[in-house]
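Visitor: I have a structure on screen and want to learn how to read it. Please take me through it feature by feature.

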Amino acid sequence: MAQNSNAFVQTFEKGLQILEYLVEEKTVSVTGVAKRMGIQKSASYRFLNTLRLHGYVDKDQHNSYRLTDRLSKLGKGVVPKREFYNIVAQFLDNLAKKNKENNGICNLGMWNGKEIVYMVQSANDKYMLLTVGSTVPAYCSALGKAVLAYLPDEAVENYIQRTEFVTFTESTVNSAERLRADLRAVREKGYALMDDELYPGLKGLALPVINGSAPVRYAVSVTQTIYGPASQLVEQMLKPLQETVQDIVACMELHNAE
């Protein structure tokens, strides 16, 4: 028992040493931390990723890690409110760096039982169609389809019965039959698409945020204005989107977010 306790103390000490190293170097890599601390690269990655999921460090497109302002806020006795959303915003900003083309924006949407609410969005100063706090119909948005596809059948049918299928463009889902077909496709492919349904040229790709057996409430999307096939967005952004959703699920588990 004493031996196990000692092992945990050593692990905590190593984490503190890595934080101090980050303060000294400003930007570090998995390899650099491993060499400095005398640990395996796999252990170095686990330390850095744990710090990232708790919001202490951020990772850029070059896989380099740097401290966020969370440590300084703790030193001032300030624990950030909306902690989960703050960390998700960092994840979306990193995802947005891979989604620069065609006014690309990344979003976290929440199902409120009726429609999708935009809760977090990657930083931008150009895209003003749908901002944080805005709502969109679930039946014709990528975020909405990603959530609906993983709700119980009874909940989906209840939603359909009370939904008026308003047409926004020629491509908007306009019937219960078409929505059911779209949701089947989401479950088969593992992702949801919105193809010109809200605005001409606006494409959306979304994945549900599935956290164990908890009901699906969130989805993450990337959007671009593309006057062409939506397959271009899938090819470019599906893998980065999958990785971001995995990070968000891990963050939810750490922060007990629902």
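Visitor: How much space lies in the largest pocket?

Guide: First, the ground rules. This is a predicted model, where local features need pLDDT of at least 70 and side-chain atom pairs count only at pLDDT 80 or more, while totals for chains, interfaces and linings use all residues. Residues are numbered from 1 along each chain as its sequence is written, and side-chain values use heavy atoms, with hydrogens and water left out. Now the idea. On a 1 Å grid over the protein atoms alone, a pocket is an open set of points where a 1.4 Å probe fits, with protein on both sides within 12 Å along at least five of seven lines. Points are joined across faces, edges and corners, and the volume is the space filled by probe spheres set on them. Here, the largest pocket holds about 290 Å³.

Visitor: Which residues lie nearest the centre of the largest pocket?

Guide: Lining residues have an atom within 4 Å of a point. There are 16 of them, and Arg52, Lys59, Lys98, Glu243 and Asp247 lie nearest the centre. Helices H3 (41-53), H5 (83-97) and H9 (231-255) each give two or more residues to this lining. H9 gives the most, with 5 residues. Helices are DSSP runs of H or I with at least four residues, strands are runs of E with at least two, and both are numbered from the N terminus.

Visitor: How do the lining residues divide by type?

Guide: Asp, Glu, Lys and Arg count as charged; Ala, Val, Leu, Ile, Met, Phe, Trp, Tyr, Cys and Pro as nonpolar; the others, Gly among them, as polar. The lining has 6 charged, 6 polar and 4 nonpolar residues.

Visitor: Is Asp247 buried or exposed?

Guide: Buried means under 20% relative accessible area, exposed over 50%, and partly exposed in between (1.4 Å probe, protein chains only). Asp247 counts as buried because its relative accessibility is 18%. Asp247 sits in helix H9. Contact means heavy atoms within 4.5 Å. Leaving out residues up to four places away in sequence, Asp247 touches Arg52, Leu53 and Phe91.

Visitor: Which residues have the most contacts inside the largest nonpolar core?

Guide: A nonpolar core joins buried Ala, Val, Leu, Ile, Met, Phe, Trp, Tyr and Cys residues through side-chain atoms within 4.5 Å. The largest one has 33 residues, and Leu108 and Leu205 have the most contacts inside it. At least two residues of this core come from each of H5, S4 (105-111), S5 (116-121), S8, S9 (218-225) and H9. H9 gives the most again, with 10 residues. A second, separate core has 30 residues, including Trp111 and Ala176.

Visitor: What does Leu205 touch?

Guide: Set aside residues up to four places away in sequence. Among the contacts of Leu205 are Ala142, Tyr191, Val220, Leu233, Met237 and Leu241.

Visitor: Which residue has a phi near 70 degrees?

Guide: Lys26 does, a positive value in a residue other than glycine. Lys26 lies in the loop between H1 (2-25) and S1 (27-28). Lys26 is exposed, with a relative accessible area of 57%. Asp196 also has a positive phi, about 65 degrees, and is not a glycine. Its loop runs between S7 (192-195) and S8 (202-209).

Visitor: How many helices and strands does the chain have?

Guide: The chain has 9 helices and 9 strands. Of its 258 residues, 48% count as buried.
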